[in-house]
Amino acid sequence: MSASRRVYVHQLHAPSSKNLLPLAAGLIASYVKHQPDLAARYACAIKVLREDPALTVRSYDDPDVLAYSTYSWNFRQSLEVARLAKQAHPGVLVVFGGPMIALSQRPDELEVFFKSYPWVDLVVHGMGEWAFADVLRARLAGRTWEGIPGLSYRSPEASVGFTSTTPANFNKDLNELPSPFLDGTFDEVLEEYGERITGALWETNRGCPFTCTFCVQGDAIFKRVLTFETSRLYQELEWMSERRIE
């Protein structure tokens, strides 16, 4: 890593035999890498494997920002890694996102979250790629987060201990997002983890008009279906086929 500041984006796997290419982490890292102002100052690394949390923390090289994409299968693991990381690096910014927490903007749930996990600084609601890049820009400039939509963050001066910004706009063009399959991001992951990667997560669209109780895709925010260009999807399939990835 040659950039002056280091970002580690985590999508830690479930306690199973399948270690899949981390799509959420890949999309976030790819987007940062393709922003010239951020690429000049930040270097992103992706953390995939579930291991002793202390080992993950010891692998960091002077981290500035730690980001965690979480769901039910890696939430507790990610929290423990982040807790130990905050102890080892008190000045690091800890950001949580993903379906486990990011879709909820209910004040009562967020109050419990920030009180329960005092080492988490900031939560990204909804799609993380654009918001996370803006968080990095604000950190570089020494600004607060209040002008960035779709966030909740620790705020000691607030009576409930946190502040939420305005909801983010979900009507985005997904094709603004570089493909981690095609831009070399996942080639780097494969080079680092080798045969321990046994498959891939793949996204052809995002959002849903329905609000099924058991699902996190459709709600008041994710009520439209956004799609990636077909040509991009074919290229990603070719990439997986050439590397014999399930």
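User: What is the volume of the largest pocket?

Analyst: First, a heads-up: this is a predicted model, where local features need pLDDT of at least 70, side-chain atom pairs count only at pLDDT 80 or more, and totals for chains, interfaces and linings use all residues. Residues are numbered from 1 along each chain as its sequence is written, and side-chain values use heavy atoms, with hydrogens and water left out. On a 1 Å grid over the protein atoms alone, a pocket is an open set of points with protein on both sides within 12 Å along at least five of seven lines, while a cavity is a set where a 1.4 Å probe fits but cannot get out; lining residues have an atom within 4 Å of a point. Taking volume as the space filled by probe spheres set on the points, joined across faces, edges and corners, the largest pocket comes to about 980 Å³.

User: Which element gives the most to the lining of the largest pocket?

Analyst: Elements here are DSSP runs numbered from the N terminus: helices (H or I) of at least four residues and strands (E) of at least two. Those giving two or more residues to this lining are strands E1 (5–10), E4 and E5 (93–97), plus helices H1 and H6 (128–141). The one that gives the most, with four residues, is H1.

User: Is serine 69 buried or exposed?

Analyst: Serine 69 is found in strand E4 (residues 65–69). Beyond its neighbours within four places in sequence, its contacts (heavy atoms within 4.5 Å) include His10, Gln11 and Ala24. Buried means under 20% relative accessible area, exposed over 50% and partly exposed in between, with a 1.4 Å probe and protein chains only. At a relative accessible area of 13%, serine 69 is buried.

User: Which helices each supply at least two residues of the lining of the largest cavity?

Analyst: The search finds one cavity of 30 Å³ or more, and the largest has a volume of about 50 Å³. Its lining includes Leu23, Leu27, Arg232 and Glu236. The helices asked for are H1 and H8 (230–242).

User: How are H1 and H7 oriented to each other?

Analyst: The axes of H1 (residues 23–33) and H7 (residues 185–193) come within 9 Å and cross at roughly 125 degrees. Axes are lines fitted to C-alpha atoms, for helices over the stretch in contact, with angles from 0 to 180 degrees between N-to-C directions. Under 35 degrees counts as roughly parallel, over 145 as roughly antiparallel, 65 to 115 as roughly perpendicular and the rest as oblique. H1 and H7 are therefore oblique.
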